[in-house]
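Dear colleague,

I am handing over a structure that you have not worked with before. Please look through it once, and then read the notes below it.

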Amino acid sequence: MTDVERRVALEAIAAEVRVCTNCRLHETRTRAVPGEGDPDTEVVFVGEGPGFNEDRQGRPFVGRAGDLLVKLLASIGWRREDVFITNVVKCRPPENRDPQPEEIAACAPFLRRQLEVLDPAVVVTLGRYSMGTFMPGARISQAHGTVRPVDPATGAQAAFVFAMYHPAAALRTPAIERESYADIAAVPSALIDARRRREGAGEPRIAPATETVIERDPPIDADDIDPSAPPPTADDQAPQLTLF
């Protein structure tokens, strides 16, 4: 599929999302949020659902959480324009509540079709509801910063999934923000491994799905969080890989 064909296919999906009435979220939305980004990218970021600003603008991750996502991407030398960003539900849950199972199920065909068109090498999940789509049964406190093969039934035919905390959680907790910078620093390595797997250049350096692949500190404990500690800045992180 060419770049132009991908753009046309993604816009066709977006047009359906904008008028979708498959679940009750359409009753309270201002604008649906299909997603946006480079149709020729190798990396897709999948969040949970639109927030207040996203609902008003019809674009994903444009509020404070989006600002942090941009900083996280910058820490590895990437821009949001280099990736594709979407959510498991395309309309804002009222009062930013968690998306319900029936709402996730109603939007699942849209996400699956987007992934079929994009055919990414890496899917980065942001938050536990996104992670649950690609790593069923996993706990985010244990799974963040790890990679596993993606089930082709999700639409990503030959990809790895990389779990991260949602940027909104990082904004609330400095320790999670520091973990997020450490996690995203490993995404370029996951992309290199995914490329090798897709190109048939040898076995990837990815452990089986039941194992983690990155040596990490123990999971965050609430008693260890120091609210006064400053988070890392993008200048503290060295870019590891150019996306294209």
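The notes below take up the sheet, the core, the pockets, the cavity and the cysteines in turn.

This is a predicted model, in which local features need pLDDT of at least 70 and side-chain atom pairs count only at pLDDT 80 or more, while totals for chains, interfaces and linings use all residues. Residues are numbered from 1 along each chain as its sequence is written, and side-chain values use heavy atoms, with hydrogens and water left out.

The sheet

Helices (H or I, at least four residues) and strands (E, at least two) are DSSP runs, numbered from the N terminus. Six strands form an open sheet with mixed pairing, in the order S1-S3-S2-S4-S6-S5, where two strands pair if DSSP finds at least two bridges between them. The edges are S1 and strand S5 (147–149), each of which pairs on one side only. Strand S3 (residues 84–87) runs parallel to strand S2 (residues 43–47), to which 4 bridges join it; Gly47 stands opposite Asn87 in S3, and Val46 stands opposite Thr86. S3 is also joined to S1, by 2 bridges, and these two strands run antiparallel, with Gly37 having Phe84 in S3 as its bridge partner. Phe84 and Thr86 point one way from S3, whereas Ile85 and Asn87 point the other way, and all are buried (buried means under 20% relative accessible area, exposed over 50%, and partly exposed in between, with a 1.4 Å probe and protein chains only).

In the loop between S1 and S2 lies Asp40, which counts as partly exposed because its relative accessibility is 41%. Its C-alpha atom is separated by 5.9 Å from that of Asp3, although Asp40 and Asp3 are 37 residues apart along the chain.

The core

A nonpolar core is a set of buried Ala, Val, Leu, Ile, Met, Phe, Trp, Tyr and Cys residues joined through side-chain atoms within 4.5 Å. The largest one here has 63 residues, and those with the most contacts inside it are Phe45, Val124 and Phe162. Helix H4 (residues 101–118) gives the largest share of this core, 8 residues.

The pockets

On a 1 Å grid over the protein atoms alone, a cavity is a set of points where a 1.4 Å probe fits but cannot get out, and a pocket is an open set with protein on both sides within 12 Å along at least five of seven lines; lining residues have an atom within 4 Å of a point. Grid points are joined across faces, edges and corners, and a volume is the space filled by probe spheres set on the points.

The largest pocket has a volume of about 680 Å³, and of the 28 residues that line it, Glu48, Gly49, His166, Ala168 and Arg172 are the closest to its centre. Two or more lining residues come from each of helix H2 (52–57), helix H3 (64–74), helix H5 (128–134) and helix H7 (167–172), and H7 gives the most, with 4 residues. This lining divides into 13 nonpolar, 8 polar and 7 charged residues, where Ala, Val, Leu, Ile, Met, Phe, Trp, Tyr, Cys and Pro count as nonpolar, Asp, Glu, Lys and Arg as charged, and the others, Gly among them, as polar.

The second largest pocket holds about 270 Å³ of space. Of its 17 lining residues, Glu11, Ala14, Arg18, Gly35 and Glu36 lie nearest its centre, and the elements that give two or more residues to this lining are helix H1 (3–18) and strand S1 (36–37). H1 provides the largest share, 5 residues, and the lining as a whole divides into 7 nonpolar, 4 polar and 6 charged residues.

The cavity and its cysteines

The structure holds 1 cavity of 30 Å³ or more, and the volume of the largest cavity is about 80 Å³. It is lined by 13 residues, of which Cys20, Cys23, Arg29, Cys91 and Cys107 are the closest to its centre. H4 gives the largest share of this lining, 3 residues, and the lining divides into 8 nonpolar, 3 polar and 2 charged residues.

How many disulfides (pairs of cysteine sulfur atoms within 2.5 Å) does the structure hold? The structure holds 0 disulfides. Cys20 is in none, and its nearest cysteine sulfur, that of Cys107, is 6.0 Å away. The sulfur of Cys23 likewise has its closest cysteine sulfur in Cys107, but at 5.8 Å this is too far for a bond. Cys20 counts as buried because its relative accessibility is 14%, and Cys23 counts as buried at 16%.

With kind regards

Conventions. A disulfide is a pair of cysteine sulfur atoms within 2.5 Å.
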